[in-house]
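Please keep the sequence and the model at hand while reading.

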Amino acid sequence: MKMTFRWYGSQADPIPLKYIKQIPGMTGLMGLLDRPAGVVWEPEEIKALVDEVHEAGLELEVIESVNVHEDIKTGLPARDEYIQNYIDTIRNLARYGIKVIVYNFMPVFDWLRTDLARVIPEDGSNSLYFDEKDLGQMGPLEIVRKTAEDSHGFTLPGWEPERLALLETTLKQYEGMTPDTLRKHYKYFLDAVIPVCEEVGVRMACHPDDPAWPIFGLPRIAHSQEDYDKIIKLHDSPANTVCLCTGSLGSNPENDVPAVIRHFGEMDRIGAMHVRNVKYLGYHHFREAAHLSSTGDLDMYAIMKAIHDTCPDTYVRPDHGRMIWDEQGRPGYGLYDRALGAAYLNGLWEAIEKQ
Ligand code: DNO
């Protein structure tokens with residue numbers, strides 16, 4: 001296992017690389033360039049990022065959120081141009097040592113919450129929270145406005161302003177689209193990019209729908225083991241993999257997360273892991289918990305054991321942390337609770353190894 005940390009770059013992330021390096025057992029980053037969907041990530045900017053990370057004594061083999069343009073997902077004529085840009089980006093990233101690209105194929109929204117700072121009554125910390133009942137009152141435009149307001153001025157992954165400016169038009173383009181049609185567009189994308197990945201030694205890792213069910217009537221096709229079985233068959237290749245996010249899949253208690261890890265781990269189809277815990281509060285109602293098993297409803301030991309047994313060389317990162325110790329930061333992506341999460345996951349790993 002390679003323990004990594006999501007970092008937004010020195011311009012956008014208040015956490016200095018030297019702090020990340022000081023987390024015990026931290027080997028590298030899941031990094032990103034904050035670029036709009038559809039553009040080519042240029043070699044110079046990738047090189048600058050990689051050099052900066054290497055200078056801090058960390059690796060950068062995983063890149064997150066090379067976002068797929070909505071025209072690709074909706075199958076519009078401009079998709080070929082955007083796919084070509086994606087291919088150029090894959091080639092540029094491979095040139096600088098990137099091995100895995102984490103992306104998603106969710107229509108319009110990436111992850112979705114109804115509150116970014118819900119106080120946890122037990123200890124006064126706060127975390128990301130979702131209650132489907134609140135969505136009914138808000139609607140898509142309202143939730144976007146609220147999320148932007150609550151983000152303390154930080155850009156949030158998947159909530160890029162230029163994407164959201166087109167929200168109404170984009171939502172219309174999905175009207176009536178079935179999951180099968182979305183999968184057809186997905187196949188068109190994979191058929192074009194996966195051969196390039198094979199050629200340059202990169203694996204694409206698809207992040208699950210978060211939360212793990214359809215929202216606002218949009219088609220969503222990546223929130224269960226069955227969904228991912230279909231995705232993998234769309235273009236069967238070792239380069240077509242899953243970014244197995246335990247908190248996203250685990251938001252739906254019907255997903256047996258350790259079993260899903262074993263299923264895809266045994267097939268060598270896990271490109272990267274996001275590991276975090278979830279506390280169920282009711283039907284389609286949850287909040288994010290500390291990583292420790294007893295603070296939530298996922299069995300983190302069983303999760304780490306499944307990784308250990310089936311995909312021990314994969315990249316892992318602690319996922320969203322709570323806000324603790326009065327830290328002010330990007331919701332889900334502060335330093336303290338994610339560092340505690342990494343230390344805990346490394347502790348579980350050591351115990352499993354020594355058993
Ligand atoms: C949320 C993240 C996601 C993930 C993207 C990848 O916190 O895990 O935004 O990076 O879905 O495209």
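A residue is called buried if 20 or more other C-beta atoms lie within 10 Å of its own, exposed if 12 or fewer do, and partly exposed in between, with C-beta atoms placed from the backbone. The model is predicted: local features require pLDDT of at least 70 and side-chain atom pairs count only at pLDDT 80 or more, whereas totals for chains, interfaces and linings use all residues. Residues are numbered from 1 along each chain as its sequence is written. Helices (H or I, at least four residues) and strands (E, at least two) are DSSP runs, numbered from the N terminus.

**Helix H2**

- Helix H2 covers residues 43–55, 13 residues in total, and its first and last C-alpha atoms are 18 Å apart. This is close to the expected 18 Å, where the expected span is 1.5 Å times one less than the number of residues.
- Ile46, Leu49, Val50 and Val53 are the buried residues of H2. They line one face of the helix, because they fall within an arc of 95° when seen down its axis; the arc is that of the directions from the helix axis to the C-beta atoms.
- An α-helix has 3.6 residues a turn, so residues three or four places apart point the same way.
- Glu44, Asp51 and Glu55 are exposed on the other side of H2.
- The cover over the buried residues of H2 includes helix H1 (17–21), strand S2 (28–31), strand S3 (59–64) and helix H4 (79–95); contact requires C-beta atoms, placed from the backbone, within 7 Å.

**The four-stranded sheet**

- An open sheet is built from four strands in the order S5-S6-S11-S10, with antiparallel pairing; two strands pair if DSSP finds at least two bridges between them.
- Strands S5 (115–119) and S10 (277–282) are at the edges with a single partner strand each, so one side of each lacks a neighbour in the sheet.
- From one strand to the next, the twist averages 40°; axes are lines fitted to C-alpha atoms, for helices over the stretch in contact, and angles run from 0 to 180 degrees between N-to-C directions.

**Strand partners**

- S5 and S6 (residues 126–131) run antiparallel and are joined by three bridges. Asp115 has Tyr129 of S6 as its bridge partner, and Val119 stands opposite Asn126 in S6.
- The hairpin of S5 and S6 has six residues between the strands, and Gly124 there takes a positive phi near 80°.
- Three bridges also link S6 to S11 (residues 285–289), again antiparallel. His285 in S11 is the bridge partner of Asp131.

Terms used: Contact = placed C-beta atoms within 7 Å.
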